[in-house]
Amino acid sequence: MNKVYITDKVVDPYIEKDVLGDELSDSLHEDIEVIIVWHKQITKEFVDKLPKLKAMIRYGVGYDVFQELDYFKQKGIYAANTPDYGTDEVSDSAIAMIMNIARGISRYDYKCRDYRDSWQINTLDYIKRTSDYKLGVIGAGRIGGSVILKANALRFQTHFYDPYLSAGTEKMLGAKRFDTLDELLETCDIISINCPLTDETRAMIDEKFIAKMKKGASIVNTARGAIVKDLDVFYEPLKSGQLNCVNLDVLPNEPAGDGLMLDAWRAKEQWLDGRFIINPHTAFYSDKAEFDMRNKAALNAKRVIEGKKPINIVNGL
């Protein structure tokens, strides 16, 4: 009894209780076999205090909260995520941001507040027909692949870079595949980040990354905040025009702190004119997506306490 513990954030575990019943514990103790994790950082020191631990289930898609995957694997502890709960919500948010950039929605909203003597003639000269935009997706898994398919329907020219997908994925997605990241950056007008946070992708978006991008291109990030080195890497490129727009659902540090970029954003400095957009890490959310996320995580925990192997294992056990 009481073998499953939720580490953080969930105040009223009514969804998990429906699945797990009395197996759900309201306290952490040595007999816990499964933990369900939201944002708590899980270290080897934390795990070593739980001698019967068999599995750790992450509520969301990202699994960077599991800090010592190799160590957990050595101990025979499963680490798993929940990747299939909000695919449409996140990809829809990415598409909304992509369309915002392509059609200049937030920029027009910002600029037209000052129009008194003229109106319809105030067009942004960079705006192209949607079918003339080259969209580049970094990471074409569940969410990135969904972004590509939706962008195809909108007539974007779609491209992607993902060295971990098998040959032929480009045919299934109907997109052009690049063998190198540099090729994608040099070619595409809008870059959508849809890859996981790993040692390889951490701080991937830095000064060098931006310098390789096509001049006047834009970035959308609905993946993980720490894929960006620091928000200040966007400041000078946005000011100089190297970058057109940056739309973010996730930040390197949340909630938003201070810095050149965030100070300019909060002050609504005129030179930004709607080109830098932040959502408070909400792309994942809809009423049904939150239910699915919590229900699926609880069902995965139930598999473990029933003696089964969890699904969506991320540490290779």
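Trainee: How many aromatic pairs does the structure hold?
Mentor: There are 7 aromatic pairs. Rings of Phe, Tyr and Trp (its six-membered ring) pair if their centres lie within 6.5 Å; planes under 30 degrees apart count as stacked, over 60 as edge-to-face and the rest as tilted. One of them is Y71 with F72, edge-to-face at 6.2 Å centre to centre and 65° between the planes.

Mind the ground rules: this is a predicted model, where local features need pLDDT of at least 70 and side-chain atom pairs 80 or more, while totals for chains, interfaces and linings use all residues. Residues are numbered from 1 along each chain as its sequence is written, and side-chain values use heavy atoms, with hydrogens and water left out.

Trainee: Are Y71 and F72 buried or exposed?
Mentor: Buried means under 20% relative accessible area, exposed over 50%, partly exposed in between (1.4 Å probe, protein chains only). F72 is buried at 0%, whereas Y71 is partly exposed at 23%.

Trainee: What sits over the ring of Y71?
Mentor: The rule is NZ of Lys or CZ of Arg within 6 Å of the ring centre and within 35 degrees of the ring normal. Here the charged end of K44 does that, 5.7 Å from the centre of Y71's ring. Likewise, K128 has its charged end over the ring of Y133, 5.1 Å from the centre.

Trainee: Which ring does Y133 pair with, and at what angle?
Mentor: Y133 pairs with F156, tilted, with 45° between the planes and 6.2 Å centre to centre. Y133 is buried at 4%, and F156 is buried at 5%.
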